[in-house]
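Please look at the sequence and the model together, and keep both in view while reading. The paragraphs after them go from one part of the fold to the next.

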Amino acid sequence: MAKVTLIAYTPDPERTVAAAAKLCYSASSVDTLLDNLTPEKTAGFLEMLSQLGHASPIEHASFTFGIEGVSRSLLAQITRHRIASYSVQSQRYVRADQFEYVTPPEIAALPQAAEEFQRAMRAAQESYDRLASILQDKHTQTLLEQGIPEKEARRQAEKRAIEDARFVLPNACATKLVMTMNARSLHNFFAERCCSRAQWEIRQVADQMLALVSQVAPTLFSQAGPGCVRGACPEGKMSCGRSKQVAQRIAALKRGQQA
């Protein structure tokens with residue numbers, strides 16, 4: 001199962017956002033922006049921004065997450081969110097010995113499907129190992145002929161070998177990443193990925209992220225989540241038809257409860 005950790009975030013994120021908003025709407029100087037920004041006034045500024053739809057000030061708060069136990073398939077989805085920073089465990093430099101993989105719940109629930117899936121994972125591992133070995137032998141020989149010492153030749157050869165052998169690894173192969181987003185990008189991310197129509201794995205990650213940021217910046221993310229949290233479902237005829245249940249699930253996440 002995916003595991004998300006909030007590694008770091010802008011200190012006092014709500015007050016930081018409120019200071020930016022205060023600059024927009026008052027004659028305050030930079031030196032006095034934080035003066036008299038009580039929790040009540042901070043909340044007031046954040047609520048005003050939400051009502052006005054003025055989202056740029058919330059970009060001044062950023063959040064960094066460690067994400068593990070997810071598939072390369074998820075990686076292809078999550079990096080579509082472009083206003084973010086990503087650092088991903090490399091398959092070029094990290095050898096996939098007995099690689100871990102993510103099993104979709106629908107497959108895990110059916111013994112016959114689970115057996116077939118596990119067979120495919122074993123086959124992928126065997127192909128990877130064979131390719132890596134064949135390529136490493138070839139590259140080692142070439143490097144030795146170039147006069148490179150044996151120890152260094154083998155080190156370089158392994159790196160070159162796994163760079164190409166990784167092409168047989170499946171989408172299910174597990175990976176780890178560090179991701180940073182500002183609060184505005186997170187609102188967009190939650191609107192898309194906490195929706196019940198989102199793919200199960202990225203929704204699982206998004207739900208954990210929303211629960212974590214809601215603990216450290218509850219007012220900033222009070223309206224975060226899919227469109228049905230704030231009003232009518234924006235999915236039209238593609239709606240899941242369970243807006244009430246989705247809203248209850250999101251509210252529970254923000255309270256730090258299991259939905």
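The model is a predicted one, in which local features need pLDDT of at least 70 and side-chain atom pairs count only at pLDDT 80 or more, while totals for chains, interfaces and linings use all residues. Residues are numbered from 1 along each chain as its sequence is written, and side-chain values use heavy atoms, with hydrogens and water left out. Helices (H or I, at least four residues) and strands (E, at least two) are DSSP runs, numbered from the N terminus.

Four strands form an open sheet in the order 1-2-4-3, with antiparallel pairing, where two strands pair if DSSP finds at least two bridges between them. Strand 1 (3-9) and strand 3 (85-88) stand at the edges with a single partner strand each, so one side of each has no neighbour in the sheet. On average, and with direction ignored, neighbouring strands of this sheet are turned by 20° against each other. Strand 1 and strand 2 (residues 62-71) run antiparallel and are joined by six bridges, and within strand 2 it is E68 that stands opposite K3. Across strand 2 and strand 4 (174-182) lies helix 7 (residues 183-193), which runs at about 125° to strand 4.

Two packed helices are described by the angle between their axes and the distance between the axes. Axes here are lines fitted to C-alpha atoms, for helices over the stretch in contact, and angles run from 0 to 180 degrees between N-to-C directions. Helix 7 packs with helix 8 (residues 200-216) at an angle of about 135°, and their axes are 9 Å apart. That makes helix 7 oblique to helix 8, given that angles under 35 degrees count as roughly parallel, over 145 as roughly antiparallel, 65 to 115 as roughly perpendicular and the rest as oblique. The contact (heavy atoms within 4.5 Å) is made by L186, F189, F190 and R193 of helix 7 with I202, R203, A206, M209, L210 and V213 of helix 8.

Helix 8 also packs with helix 9 (residues 243-254), at an angle of about 50° and with axes 8 Å apart, and these two helices are therefore oblique to each other. Here R203, D207, L210, A211, S214 and Q215 in helix 8 meet R249, I250, L253 and K254 in helix 9.

In another pair, helix 1 (residues 13-25) and helix 2 (residues 39-52) pack at about 65° with their axes 9 Å apart, which makes helix 1 roughly perpendicular to helix 2. The contact involves E14, R15, V17, A18, A21, K22 and Y25 of helix 1, and T42, F45, L46, M48, L49 and L52 of helix 2.

Side chains of opposite charge can pair when their charged atoms come close. Eleven salt bridges are found in a search of the whole structure, a salt bridge being a side-chain nitrogen of Lys or Arg within 4 Å of a carboxyl oxygen of Asp or Glu. One of them joins E158 to R95, with the closest N and O atoms 2.9 Å apart. E158 lies in helix 6 (residues 150-165) and R95 in the loop between strand 3 and helix 4 (105-108), so the pair ties together parts that are 63 residues apart in sequence.
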